[in-house]
Amino acid sequence: MRVDDLKSNAAARYADDYTAVADLLPGHGVPWVRKAREQALERFRALGFPTLRDEDWKYTSVALIEKRHFAPTAGTPEAAPEEVLAAHRFPDLDADVLVFVGGRFAPQLSRLGRLPEGAMVCSLAELLERGAEPLVPYFGSEAPAGPFAAMNTAFASDGAFVHLRRGVKLPRPLHLLFIATGGERAAHLRHLVLAEEGAEAVVIEHYVGVAGAVAFTNTLTQISVGPGAAVEHVKLQQEDGKTVHMAGIHAEQRRDSRFVSHSMALGAQLARNDITVTLNAEGCEATLNGLYLVGGRQHVDHHTRIDHAKPHGTSREYYRGVLDGAARGVFNGRVVVHPGAQKTDAEQTNNNLVLSRDAEVDTKPQLEIYADDVKCAHGATVGQLDADMLFYLRSRGLGEVAARNLLTYAFANDVINRIGLKPLRIRLEEFVIGRLPEGESIRELV
C-alpha cells in the first residue's frame, strides 16, 4: 500500500469516528452547531494529515497520530486522579480554577469565585448545548485553517469560554487545568476569550496528564482583544512523555490593545504550537515569549506568525530552547508587515542551548516587509554552554555540574522571568531545577 494511501486511510478512520460520537458531542441537537461540525469534518477529510512534503511540516512528522487510533472523547467526564490534581494546582496563586478531565469539564473539581457584572466564565460545552449565537463567528467559521483546527471543530468535546464586556477586568487569574487520562483517547478542546474595549484578563492554560498516559490532545484557542483591552495568556504544556499535543492559539487585536503570550513547552512526546497574532488596528502591542525544555526523544515545534496589518504597531518575540538527549526543537517565526503598516516596530529572537551531541534544532526566523517606514529586526542562535563562562564559574569554586546547571538555569530563566505571576514563575523555576542533573546543587546559588 502506498504511503499516500496509508495517510488517506488514517484520515478516513478518524473521520469515521464522527459517526460514532456525533450524538454525544455538545450541541448535537443545535442545527448550526451540527452543520459547523459536519463542514469541518469534510475539510479535515479533504486536507488529510500534513506530511513532511508540506513546507510548514517539513521538520515535524505526525506519524504517531496516524499509526495509532486515538478515539475521540465524548459523553460522561472521567474521574481525575487526586495525586495529579494535587501536583498541578497552584496553592499560592489566588485564582479561579476550571478543571477538565479527559476532555470534559469537571465542575465538582473547579472553583469559580464571584465575578464582576459583565464577566462570564463557563464551559464551552454548556454554550454549545444552548446554541449560543455569540459562538457562531468563531466556532462556525473556517478560520483558523488547517487539518487539526478542522478536526477540533468536528470533535470539540468542551473547553473554556471567557467573555468580558466593556471595561470589565477579571479580578483573579483564570487557571484552566486539563488532565489527560490516557487510554489512547483524543481530547479536542476549544477555548474562546473575548475581551471587549478596555477589558483585562490573565488566563493560564495548563495541560498535564497521569504518568504513562498515552493520549492525544488537540486544542484550539481563539482570543479577541478589543480596543484598549489587555490579555496575558500563559500556556503550560506538561503532559507525560507518551502524549501527543497539537495546539493553535490565534489572537486578533484592536486599537491600542495589548496581548502577551507565554508558551512553555515542557512535556509530551510530540508537541506542536501554532501561534498567530494579527495587529488589526493602530497602536497595538504584542509580545510572544516561549521556552521549550526537552530531553530524551521529545520533539517540540513552535510555528509563530505576527501580522502587522495597520500602522504604529509594536511586536516583540523572545523564544528560547534547551535541548538534551536526542530531543529535537523546531522554531519557525514569521513577521509580516503589510502594505500601509508604517511605523511598525518589530523584533524577533530565538536562542537555543544544545546540551548533548544528539540533540538537534531547526530555527527559521522570517521577516516579510511590504512597507517602507518600519523598524524590524530578527535573529537566531544555536550553541552550547559558553566555555569562558564555565571556566569563570569553576575558577570561583563551582564544580563542573554545578557550573553547567547554573548557566542552563539562567538561560531558561530569562524567559520565565517575563511571566507576570510570581507563583507561576516560582513553580517553573522549580521545574527547571528538577530537570537538571543534580539540580539541587544550585538551589543555594539562585
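Tutor: Start with Ala268, in the loop between β12 (258–265) and β13 (270–279). The model is a predicted one.

Student: What makes the phi of Ala268 worth a remark?

Tutor: Phi of Ala268 is near 75 degrees, a positive value, and the residue is not a glycine. Most residues other than glycine have a negative phi.

Student: Why is Ala268 called buried?

Tutor: Buried means under 20% relative accessible area. Ala268 has 1%, so Ala268 counts as buried.

Student: Where does Glu184 lie, and what is its phi?

Tutor: Glu184 sits in the loop between β6 (174–180) and β7 (185–195). Its phi is near 55 degrees, again positive in a residue other than glycine.

Student: Why is Glu184 called partly exposed?

Tutor: The label covers the range between the 20% and 50% cut-offs. Glu184 has a relative accessible area of 32%, so Glu184 is partly exposed.

Student: Why does Arg172 count as buried?

Tutor: Apply the cut-off of under 20%. Arg172 has 18% relative accessibility, so the label buried holds. Arg172 is in the loop between β5 (160–164) and β6.

Student: Which residues is Arg172 in contact with, leaving aside neighbours within four places in sequence?

Tutor: Asp94, Ala95, Asp96, Gly113 and Arg114.

Student: What makes the pair Arg172 and Arg114 a polar contact?

Tutor: A polar atom of the Arg172 side chain lies 3.1 Å from the backbone oxygen of Arg114.

Student: What follows α8?

Tutor: Gly397, with a positive phi near 105 degrees.

Student: Now the whole chain. Why does its radius of gyration agree with a compact globule?

Tutor: For 446 residues, the globule rule gives a value near 22 Å. The protein chain has 22 Å, so the two agree. The C-alpha atoms fill a box of roughly 70 × 50 × 50 Å along the principal axes.

Student: What share of the residues is buried?

Tutor: Buried residues make up 56% of the 446. The chain has 10 helices and 20 strands. Among contacts with a separation of 6 or more, 83% join residues 24 or more positions apart.

Terms used:
Residues are numbered from 1 along each chain as its sequence is written. This is a predicted model: local features need pLDDT of at least 70, side-chain atom pairs count only at pLDDT 80 or more; totals for chains, interfaces and linings use all residues. Side-chain values use heavy atoms; hydrogens and water are left out. Helices (H or I, at least four residues) and strands (E, at least two) are DSSP runs, numbered from the N terminus. The radius of gyration is taken over C-alpha atoms; the globule rule is 2.2 Å times the number of residues to the power 0.38. Buried means under 20% relative accessible area, exposed over 50%, partly exposed in between (1.4 Å probe, protein chains only). Contact means heavy atoms within 4.5 Å. A polar contact is a pair of N or O atoms within 3.5 Å; within protein, one must be able to donate a hydrogen and the other to accept it, and residues adjacent in sequence count only if both atoms are side-chain atoms.
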